[in-house]
Amino acid sequence: MEGCDCVEPQWPADELLVKYQYISEFFIAFAYFSIPLELIYFVKKSAFFPYRWVLMQFGAFIVLCGATHFISLWTFTMHSRTVVLVMTVAKVSTAVVSCATALTLVHIIPDLLSVKIRETSLKNRADELDRELGLIRTQEETGRHVRMLTHEIRSTLDRHTILKTTLVELGRTLGLEECALWMPSRSGLNLHLSHTLRHQKPVESIVSINLPIVNKVFSSNRALGIPHTCPLARIGPVVGRYAPPEVVAVRVPLLHLSNFQINDWPEFSARSFAVMVLMLPLDSARKWHEHEFELVEVVADQVAVALSHAAILEESMRARDLLMEQNVALDLARREAEMAIHARNDFLAVMNHEMRTPMHAIIAHSSLLLETELTPEQRLMIETVLKSSNLLATLINDVLGLSRLEDGSFELEYGTFNLHTAFREVINLIKPITAVKKLPVTLTLSPDLPVCAVGDEKRLTQIILNVTGNAVKFTTEGYISVSASVVKPDLLWRNEDFYPVASEGHFYLHVQVKDTGCGISPQDMPHLFTKFAQSKSGPNGSIGGNGLGLAISKRFVNLMEGDIRVDSEGAGKGCTAIFVVKLGNCEAPNESILHIAPPARLIHN
């Protein structure tokens, strides 16, 4: 082909396309230059960013990139060598800064990642602290509610008020739809619905304690969620459509339940439980929280404590009322007894005077008859009359003395007397009887026994006479010995509560009467000092006597701050009576008391 030129001619530049490229290069450069300005503003406003120099380096890289695009604006037309040189320097600088920036990012990326990890850790820690703070606030709120509920519950000691207040306060605090209390029956086999918050309780609301759900609640000391269809949750009627409510049950220990009778509640139960049922509102998505469980458990324990306090109060009030009734009855009985005692004393005083007068006449005339000439048969009859009269006179004296001792009107008559003479008079009184029985009587007075003493001579003589008279009465053969001395410091007395230790101005008299009579059997020993009790240890069973001698003697000995006892090895082996009384020392005895000086040892056959 002629005239063919194989070299393609240079494509002429389209002015429109060049214009578009020119404008694009300008905006690219403008965008590049604006980014460093934004970075400079960010670094200036951000006080915590740790890599400021990296941002400055990155800004320089962007500026150089923008500069290359800005210089390219002159390459769209014919340009000089100077422009080419500037373009080359700009691109070389851009390449160097780009590589340096890339290498720097390789080193700081792990640091940036660690900053991100620390930030996440701090955020998680902050979330955990927020949760703990929320838990603390919840616990404080729960504690406030518990204190408020406890104050309301313990503001009264009436059981029904306690239970009703508990349900009302729980319903208000937790926003409950219903709250109810099931109490055990008297038999302990069923639970009765006793209190409800809103609904009227059904007439026959009974649940057996043998149900699995009831046993589950009884066996746990925590609040448990129960199905809304179980018998414990059937508290009131459900009307309309509803979402299944959340129901919780907790046991309430009944501590020392006593006479708490409502719906046949048990009178006393050492270990039994009631059940408290709590129901959230119907058609509510609300769930039970852990702090609400804790609140319910604490309130259940507080209710148990309050009920126990109420039970104790009721018991104390009932005991107080019973005690007041008993005090009234005792006061009435005391007044009646005092009236009876006064009437008896008046009667005894009159009878004593009226009976003693003829009795003394009988005794006197009988004694006078014995001194006349009588036949043996007549003498025997007169002696019988005299003996019976003496016994009757002794009985009258003993009864009167005992009555005065028991009503507290008896008082000892203290005075100075000859102690040795008192013993001689007793021996002289029993001498006629011992002479008839042919019983030797031995009186032994210790050399240290004072001749003069201060005390009630008449009552001391009566004690000695009663004890020796018993020895003579129960002895048919053998002997009777009477000894008197001052108590030694080393004396061991059977009664551990009695310590006869002499003091200044006083001494203790120790008297022992021993006989070889019928003795006392072990079964009779506890009744020796009981009034009107008679020994059955004699050969013919009971031996005569009124059973008042030793009883009166013991009371006299107690009044003299002493003690008395009787020892015997058994029936037929005799016995030994010992008593100790407190007497005063004579400071200056007169001669009328000391004119009779009895021998230290006196034997009557």
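1. Axes here are lines fitted to C-alpha atoms, for helices over the stretch in contact, with angles from 0 to 180 degrees between N-to-C directions. Helices (H or I, at least four residues) and strands (E, at least two) are DSSP runs, numbered from the N terminus. The model is predicted: local features need pLDDT of at least 70, side-chain atom pairs count only at pLDDT 80 or more, and totals for chains, interfaces and linings use all residues. Residues are numbered from 1 along each chain as its sequence is written, and side-chain values use heavy atoms, leaving out hydrogens and water.

2. The axes of α4 and α6 come within 10 Å, crossing at roughly 165°. That makes α4 roughly antiparallel to α6 (an angle over 145 degrees).

3. An open sheet is built from six strands in the order β3-β2-β1-β8-β5-β4, with antiparallel pairing; two strands pair if DSSP finds at least two bridges between them. Because β3 (206–208) and β4 (224–226) stand at the edges with a single partner strand each, one side of each has no neighbour in the sheet. Neighbouring strands are turned by 35° against each other on average, direction ignored.

4. β4 pairs with β5 (residues 247–254) in the antiparallel sense over three bridges. Ile226 stands opposite Val247 in β5.

5. Helix α4 (residues 159–174) packs on the sheet, touching β1 (178–184), β2 (190–196) and β8 (272–279); contact means heavy atoms within 4.5 Å. Helix α6 (residues 290–370) also packs on the sheet, where it touches β5 and β8.

Terms used. Angles under 35 degrees count as roughly parallel, over 145 as roughly antiparallel, 65 to 115 as roughly perpendicular and the rest as oblique.
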